[in-house]
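Hello,

Please find the structure you asked about below, with notes on what turned up in it. Keep it open while you read.

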Amino acid sequence: MKIYLDGIFVEKEDAKISVFDHGLLYGDGVFEGIRAYNGRIFRLKEHLERLWSSAKAINLTISIGQKEMEKAVIKTLIVNKFLDAYIRLIVTRGSGSLGLSPKGCVPSIIIIADHISLYPEESYDKGMEVVTVSTRKIRQDSLSPNIKSLNYLNNVLARMQAIKSGAMEAVMLNAEGYVVECSGDNIFLVKKGILYTPSSTDGALIGITRDAVMEIARNKLKLTVKEERISTYDVYTAAECFLTGTAAEIIPVIAVDSRQIADGKPGNITLELMKEFKNLTRSTGTPIK
Ligand code: PXG
(Lines give C-alpha, C1' and ligand atoms only; values in the text may rest on other atoms or scores of the structure.)
Protein backbone atom coordinates (compact mmCIF):
# COMPACT_ATOMS: atom_id res chain seq x y z
CA MET A 1 0.00 0.00 0.00
CA LYS A 2 1.32 3.38 -1.00
CA ILE A 3 0.72 6.50 1.08
CA TYR A 4 0.89 10.08 -0.16
CA LEU A 5 3.16 12.05 2.13
CA ASP A 6 3.94 15.66 1.23
CA GLY A 7 3.95 15.17 -2.51
CA ILE A 8 5.57 11.75 -2.76
CA PHE A 9 4.32 8.18 -2.51
CA VAL A 10 5.93 5.97 0.11
CA GLU A 11 5.28 2.41 1.25
CA LYS A 12 3.06 2.06 4.32
CA GLU A 13 6.08 0.96 6.43
CA ASP A 14 7.97 4.11 5.47
CA ALA A 15 5.07 6.55 5.88
CA LYS A 16 6.31 8.22 9.05
CA ILE A 17 6.05 11.66 10.56
CA SER A 18 8.05 13.39 13.28
CA VAL A 19 7.32 12.84 16.98
CA PHE A 20 7.52 16.65 17.14
CA ASP A 21 4.53 17.01 14.80
CA HIS A 22 1.88 19.08 16.58
CA GLY A 23 -0.74 16.76 15.14
CA LEU A 24 0.63 14.12 17.51
CA LEU A 25 1.61 16.44 20.36
CA TYR A 26 -1.64 18.42 20.52
CA GLY A 27 -4.11 16.97 18.03
CA ASP A 28 -3.39 20.14 16.06
CA GLY A 29 -4.50 19.40 12.52
CA VAL A 30 -7.54 18.60 10.41
CA PHE A 31 -8.85 15.64 8.44
CA GLU A 32 -11.53 14.27 6.13
CA GLY A 33 -12.89 10.76 5.53
CA ILE A 34 -13.89 10.30 1.89
CA ARG A 35 -15.27 7.34 -0.09
CA ALA A 36 -14.69 6.13 -3.62
CA TYR A 37 -17.23 3.84 -5.24
CA ASN A 38 -16.48 1.99 -8.44
CA GLY A 39 -13.92 4.50 -9.67
CA ARG A 40 -15.76 7.65 -8.60
CA ILE A 41 -14.99 9.76 -5.54
CA PHE A 42 -18.21 10.76 -3.81
CA ARG A 43 -18.61 14.51 -3.22
CA LEU A 44 -14.85 15.12 -3.33
CA LYS A 45 -15.21 18.87 -3.83
CA GLU A 46 -17.53 19.15 -0.81
CA HIS A 47 -15.03 17.22 1.33
CA LEU A 48 -12.17 19.45 0.18
CA GLU A 49 -14.27 22.55 0.80
CA ARG A 50 -14.93 21.33 4.36
CA LEU A 51 -11.24 20.49 4.86
CA TRP A 52 -10.27 23.99 3.78
CA SER A 53 -12.87 25.50 6.13
CA SER A 54 -11.57 23.38 9.04
CA ALA A 55 -8.02 24.51 8.23
CA LYS A 56 -9.09 28.14 7.91
CA ALA A 57 -10.82 27.99 11.30
CA ILE A 58 -7.63 26.81 13.02
CA ASN A 59 -5.46 29.23 11.01
CA LEU A 60 -3.61 26.48 9.17
CA THR A 61 -2.49 27.15 5.61
CA ILE A 62 -2.58 24.13 3.31
CA SER A 63 0.47 24.41 1.08
CA ILE A 64 -1.30 23.23 -2.10
CA GLY A 65 -4.55 24.34 -3.72
CA GLN A 66 -7.84 22.40 -3.84
CA LYS A 67 -7.30 21.44 -7.48
CA GLU A 68 -3.88 20.01 -6.69
CA MET A 69 -5.30 18.17 -3.67
CA GLU A 70 -8.00 16.70 -5.89
CA LYS A 71 -5.28 15.38 -8.22
CA ALA A 72 -3.30 14.00 -5.27
CA VAL A 73 -6.35 12.10 -3.98
CA ILE A 74 -7.03 10.66 -7.45
CA LYS A 75 -3.36 9.71 -7.86
CA THR A 76 -3.41 7.92 -4.49
CA LEU A 77 -6.23 5.69 -5.74
CA ILE A 78 -4.50 5.08 -9.06
CA VAL A 79 -1.12 4.06 -7.61
CA ASN A 80 -2.92 1.68 -5.24
CA LYS A 81 -5.19 0.38 -8.04
CA PHE A 82 -8.28 1.08 -5.92
CA LEU A 83 -11.71 1.63 -7.44
CA ASP A 84 -13.48 1.35 -4.09
CA ALA A 85 -11.79 2.87 -1.09
CA TYR A 86 -12.02 4.81 2.13
CA ILE A 87 -9.71 7.80 1.86
CA ARG A 88 -8.31 9.50 4.94
CA LEU A 89 -6.94 12.92 4.16
CA ILE A 90 -4.95 14.53 6.96
CA VAL A 91 -3.24 17.88 7.26
CA THR A 92 -1.15 18.15 10.43
CA ARG A 93 0.25 21.40 11.82
CA GLY A 94 3.68 19.90 11.25
CA SER A 95 6.87 19.50 13.20
CA GLY A 96 7.89 22.24 15.63
CA SER A 97 9.08 22.77 19.19
CA LEU A 98 7.59 21.28 22.37
CA GLY A 99 5.29 24.21 22.96
CA LEU A 100 1.67 24.91 22.07
CA SER A 101 2.58 27.68 19.68
CA PRO A 102 2.59 26.49 16.08
CA LYS A 103 5.34 28.99 15.27
CA GLY A 104 7.83 27.41 12.89
CA CYS A 105 5.62 24.39 12.07
CA VAL A 106 5.36 23.42 8.40
CA PRO A 107 2.07 21.55 7.77
CA SER A 108 2.21 18.01 6.35
CA ILE A 109 -0.29 16.44 3.99
CA ILE A 110 -1.05 12.74 4.28
CA ILE A 111 -3.42 10.74 2.07
CA ILE A 112 -4.23 7.14 2.97
CA ALA A 113 -6.45 4.98 0.77
CA ASP A 114 -7.66 1.78 2.39
CA HIS A 115 -10.78 -0.25 2.92
CA ILE A 116 -13.10 0.23 5.85
CA SER A 117 -16.08 -1.74 7.02
CA LEU A 118 -17.51 0.04 9.96
CA TYR A 119 -20.48 -2.08 10.91
CA PRO A 120 -21.22 -5.74 10.13
CA GLU A 121 -23.34 -6.41 7.03
CA GLU A 122 -26.06 -7.90 9.24
CA SER A 123 -26.63 -4.53 10.96
CA TYR A 124 -27.62 -3.00 7.60
CA ASP A 125 -30.30 -5.67 7.09
CA LYS A 126 -31.59 -5.93 10.63
CA GLY A 127 -30.66 -2.55 12.08
CA MET A 128 -28.54 -1.86 15.13
CA GLU A 129 -28.86 -0.78 18.71
CA VAL A 130 -27.28 2.42 20.03
CA VAL A 131 -26.99 3.98 23.48
CA THR A 132 -26.75 7.50 24.81
CA VAL A 133 -23.52 8.06 26.71
CA SER A 134 -22.47 10.41 29.51
CA THR A 135 -19.66 11.96 27.44
CA ARG A 136 -21.18 15.20 26.16
CA LYS A 137 -20.33 17.05 22.98
CA ILE A 138 -17.81 19.84 23.51
CA ARG A 139 -19.66 23.15 23.79
CA GLN A 140 -19.60 24.87 20.45
CA ASP A 141 -18.80 28.20 22.03
CA SER A 142 -15.47 26.50 22.86
CA LEU A 143 -14.86 24.50 19.68
CA SER A 144 -17.02 24.35 16.57
CA PRO A 145 -18.29 20.85 15.72
CA ASN A 146 -17.61 21.72 12.11
CA ILE A 147 -13.85 21.75 12.63
CA LYS A 148 -12.89 18.18 11.81
CA SER A 149 -9.76 18.35 13.93
CA LEU A 150 -7.31 15.59 14.87
CA ASN A 151 -8.56 16.02 18.42
CA TYR A 152 -11.32 13.42 18.55
CA LEU A 153 -10.86 12.28 22.14
CA ASN A 154 -14.37 13.38 23.09
CA ASN A 155 -15.82 11.15 20.38
CA VAL A 156 -13.40 8.30 21.10
CA LEU A 157 -14.48 8.29 24.78
CA ALA A 158 -18.13 8.27 23.72
CA ARG A 159 -17.53 5.33 21.35
CA MET A 160 -15.63 3.41 24.04
CA GLN A 161 -18.48 3.88 26.47
CA ALA A 162 -21.01 2.63 23.91
CA ILE A 163 -18.92 -0.45 23.12
CA LYS A 164 -18.56 -1.20 26.83
CA SER A 165 -22.32 -1.31 27.13
CA GLY A 166 -22.64 -3.62 24.13
CA ALA A 167 -23.63 -1.10 21.44
CA MET A 168 -21.60 -0.19 18.37
CA GLU A 169 -22.32 3.54 18.33
CA ALA A 170 -22.94 6.25 20.93
CA VAL A 171 -25.66 8.89 20.80
CA MET A 172 -24.14 12.10 22.12
CA LEU A 173 -25.98 14.94 23.84
CA ASN A 174 -24.93 18.56 24.03
CA ALA A 175 -24.32 20.43 27.29
CA GLU A 176 -28.06 21.16 27.50
CA GLY A 177 -28.96 17.50 27.14
CA TYR A 178 -30.35 17.57 23.60
CA VAL A 179 -29.50 14.86 21.08
CA VAL A 180 -26.82 16.07 18.65
CA GLU A 181 -25.23 13.23 16.74
CA CYS A 182 -23.25 10.05 17.27
CA SER A 183 -19.50 9.67 17.81
CA GLY A 184 -18.84 9.36 14.08
CA ASP A 185 -22.27 9.59 12.45
CA ASN A 186 -25.19 12.00 12.17
CA ILE A 187 -28.62 10.92 13.45
CA PHE A 188 -32.05 11.13 11.78
CA LEU A 189 -35.59 10.37 12.94
CA VAL A 190 -38.86 9.88 11.09
CA LYS A 191 -42.08 10.97 12.78
CA LYS A 192 -45.46 11.21 11.03
CA GLY A 193 -43.69 10.99 7.68
CA ILE A 194 -41.42 13.96 8.42
CA LEU A 195 -37.64 13.57 8.52
CA TYR A 196 -35.86 15.24 11.45
CA THR A 197 -32.18 15.76 12.25
CA PRO A 198 -30.52 17.90 14.91
CA SER A 199 -29.38 21.27 13.62
CA SER A 200 -25.86 22.53 13.40
CA THR A 201 -26.74 25.17 16.00
CA ASP A 202 -27.30 22.34 18.49
CA GLY A 203 -23.80 21.07 17.71
CA ALA A 204 -24.18 18.60 14.83
CA LEU A 205 -21.44 18.31 12.22
CA ILE A 206 -22.80 19.23 8.80
CA GLY A 207 -22.08 15.77 7.43
CA ILE A 208 -21.65 15.23 3.70
CA THR A 209 -23.82 12.10 3.92
CA ARG A 210 -26.33 14.07 6.01
CA ASP A 211 -26.56 16.66 3.22
CA ALA A 212 -26.97 13.96 0.56
CA VAL A 213 -29.72 12.24 2.56
CA MET A 214 -31.60 15.51 3.08
CA GLU A 215 -31.42 16.20 -0.67
CA ILE A 216 -32.71 12.74 -1.58
CA ALA A 217 -35.51 13.01 0.98
CA ARG A 218 -36.62 16.40 -0.32
CA ASN A 219 -36.11 15.95 -4.05
CA LYS A 220 -36.70 12.24 -4.67
CA LEU A 221 -38.99 11.12 -1.86
CA LYS A 222 -40.77 14.50 -1.61
CA LEU A 223 -40.53 14.46 2.16
CA THR A 224 -40.53 17.40 4.53
CA VAL A 225 -37.12 17.64 6.22
CA LYS A 226 -36.62 19.61 9.41
CA GLU A 227 -33.45 20.52 11.27
CA GLU A 228 -34.77 20.76 14.77
CA ARG A 229 -33.95 20.39 18.42
CA ILE A 230 -34.36 16.72 19.35
CA SER A 231 -34.67 15.21 22.84
CA THR A 232 -34.13 11.59 23.90
CA TYR A 233 -37.94 11.37 24.22
CA ASP A 234 -38.23 12.24 20.51
CA VAL A 235 -35.76 9.46 19.69
CA TYR A 236 -37.46 6.83 21.87
CA THR A 237 -40.86 7.56 20.36
CA ALA A 238 -39.77 7.89 16.71
CA ALA A 239 -41.30 5.79 13.95
CA GLU A 240 -37.87 5.31 12.37
CA CYS A 241 -34.27 6.13 13.25
CA PHE A 242 -31.04 5.84 11.27
CA LEU A 243 -27.46 7.11 11.25
CA THR A 244 -25.43 8.57 8.38
CA GLY A 245 -21.71 8.92 7.74
CA THR A 246 -19.13 8.50 5.01
CA ALA A 247 -17.94 5.19 6.43
CA ALA A 248 -21.31 3.98 7.74
CA GLU A 249 -23.40 5.27 4.79
CA ILE A 250 -27.00 4.87 6.07
CA ILE A 251 -27.56 2.39 8.87
CA PRO A 252 -30.95 1.66 10.45
CA VAL A 253 -31.31 1.93 14.24
CA ILE A 254 -33.84 -0.40 15.85
CA ALA A 255 -33.28 0.30 19.54
CA VAL A 256 -32.00 3.21 21.60
CA ASP A 257 -31.18 2.78 25.32
CA SER A 258 -33.12 -0.53 25.24
CA ARG A 259 -36.24 1.18 23.87
CA GLN A 260 -37.29 -0.57 20.69
CA ILE A 261 -37.94 1.85 17.83
CA ALA A 262 -41.45 1.18 16.47
CA ASP A 263 -41.66 -2.54 15.55
CA GLY A 264 -37.90 -3.08 15.89
CA LYS A 265 -37.31 -3.39 12.14
CA PRO A 266 -35.68 -0.93 9.69
CA GLY A 267 -38.38 1.53 8.58
CA ASN A 268 -39.68 1.96 5.04
CA ILE A 269 -38.38 5.51 4.60
CA THR A 270 -34.98 4.38 5.89
CA LEU A 271 -34.92 1.51 3.37
CA GLU A 272 -35.99 3.83 0.56
CA LEU A 273 -33.23 6.32 1.47
CA MET A 274 -30.65 3.50 1.60
CA LYS A 275 -31.62 2.42 -1.90
CA GLU A 276 -31.50 5.95 -3.33
CA PHE A 277 -28.22 6.73 -1.56
CA LYS A 278 -26.69 3.62 -3.09
CA ASN A 279 -27.84 4.75 -6.54
CA LEU A 280 -26.38 8.21 -5.95
CA THR A 281 -22.97 6.97 -4.79
CA ARG A 282 -22.73 4.62 -7.79
CA SER A 283 -23.79 7.16 -10.41
CA THR A 284 -22.12 10.42 -9.36
CA GLY A 285 -18.73 11.62 -8.15
CA THR A 286 -15.34 12.65 -9.48
CA PRO A 287 -14.06 9.97 -11.86
CA ILE A 288 -10.61 8.56 -11.10
CA LYS A 289 -9.60 8.53 -14.77
N1 PXG B 1 -20.46 13.41 12.95
C2 PXG B 1 -19.17 13.27 13.34
C3 PXG B 1 -18.76 13.72 14.69
C4 PXG B 1 -18.23 12.75 12.43
O5 PXG B 1 -16.95 12.63 12.80
C6 PXG B 1 -20.01 12.46 10.79
C7 PXG B 1 -20.88 13.02 11.73
C8 PXG B 1 -20.52 12.09 9.44
O9 PXG B 1 -20.08 13.04 8.48
P10 PXG B 1 -19.89 12.66 6.95
O11 PXG B 1 -19.40 13.91 6.32
O12 PXG B 1 -18.86 11.56 6.89
O13 PXG B 1 -21.19 12.22 6.43
C14 PXG B 1 -18.65 12.34 11.14
C15 PXG B 1 -17.64 11.79 10.18
C16 PXG B 1 -15.23 6.42 12.11
C17 PXG B 1 -15.05 7.85 11.71
O18 PXG B 1 -14.24 5.68 12.14
C19 PXG B 1 -16.14 8.61 11.36
C20 PXG B 1 -15.97 9.95 11.01
C21 PXG B 1 -14.74 10.50 11.03
C22 PXG B 1 -13.66 9.72 11.38
C23 PXG B 1 -13.79 8.39 11.71
O24 PXG B 1 -16.36 6.04 12.39
N25 PXG B 1 -17.10 10.61 10.72
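Leu98 is exposed, because its relative accessibility is 64% and exposed begins over 50%. The model is a predicted one, which applies to everything below. Leu98 sits in the loop that links strand E5 (85-95) to strand E6 (106-114). It belongs to a nonpolar surface patch together with Val19, Phe20 and Leu24. The accessible area of the four comes to about 430 Å².

Domain 1 puts 24 residues into the contact between them, and domain 2 puts in 20 residues.

Cysteines

How many disulfides does the model have? The count is zero. For Cys182, the closest cysteine sulfur is that of Cys241, at 7.5 Å, which is too far for a bond, since a disulfide needs the two sulfur atoms within 2.5 Å. Seen from Cys241, the closest cysteine sulfur is in Cys182, again at 7.5 Å and too far for a bond. Cys182 counts as buried because its relative accessibility is 1%, and Cys241 is buried as well, with a relative accessible area of 2%.

Leu44 lies in helix H2 (residues 44-57). Is Leu44 buried or exposed? Leu44 counts as buried, because its relative accessibility is 1%. Leaving aside residues up to four places away in sequence, Leu44 touches Ile34, Glu70, Val73 and Thr286. Val156 is 112 residues from Leu44 along the chain, and the C-alpha atoms of Leu44 and Val156 are separated by 25 Å.

Backbone angles

Most residues other than glycine have a negative phi. Two residues to look at here are Arg43 and Glu249, which are taken in turn.

- Arg43 has a positive phi, near 50°, and is not a glycine. Arg43 is in the loop between strand E4 (40-41) and H2. At 15% relative accessibility it counts as buried, because the limit for buried is under 20%.
- Glu249 is not a glycine either, yet its phi is positive, at about 60°. Glu249 is part of strand E14 (residues 249-256). Its relative accessibility is 18%, so Glu249 also counts as buried.

Regards

Notes. Residues numbered from 1 in each chain as written. Predicted model: local features only at pLDDT ≥ 70, side-chain atom pairs only at ≥ 80, totals over all residues. Heavy atoms only, no water. Patch = residues over 30% accessible without salt bridge, like charges linked within 9 Å, V, L, I, M, F, W, Y side chains within 5 Å. Areas by Shrake-Rupley, 256 points an atom, 1.4 Å probe, with all protein chains shown as cover. Salt bridge = Lys/Arg side-chain N within 4 Å of Asp/Glu carboxyl O. Helix = DSSP H or I, 4+ residues; strand = E, 2+ residues; numbered from the N terminus. Buried < 20%, exposed > 50% of the residue type's maximum accessible area, 1.4 Å probe, protein only. Contact = heavy atoms within 4.5 Å.
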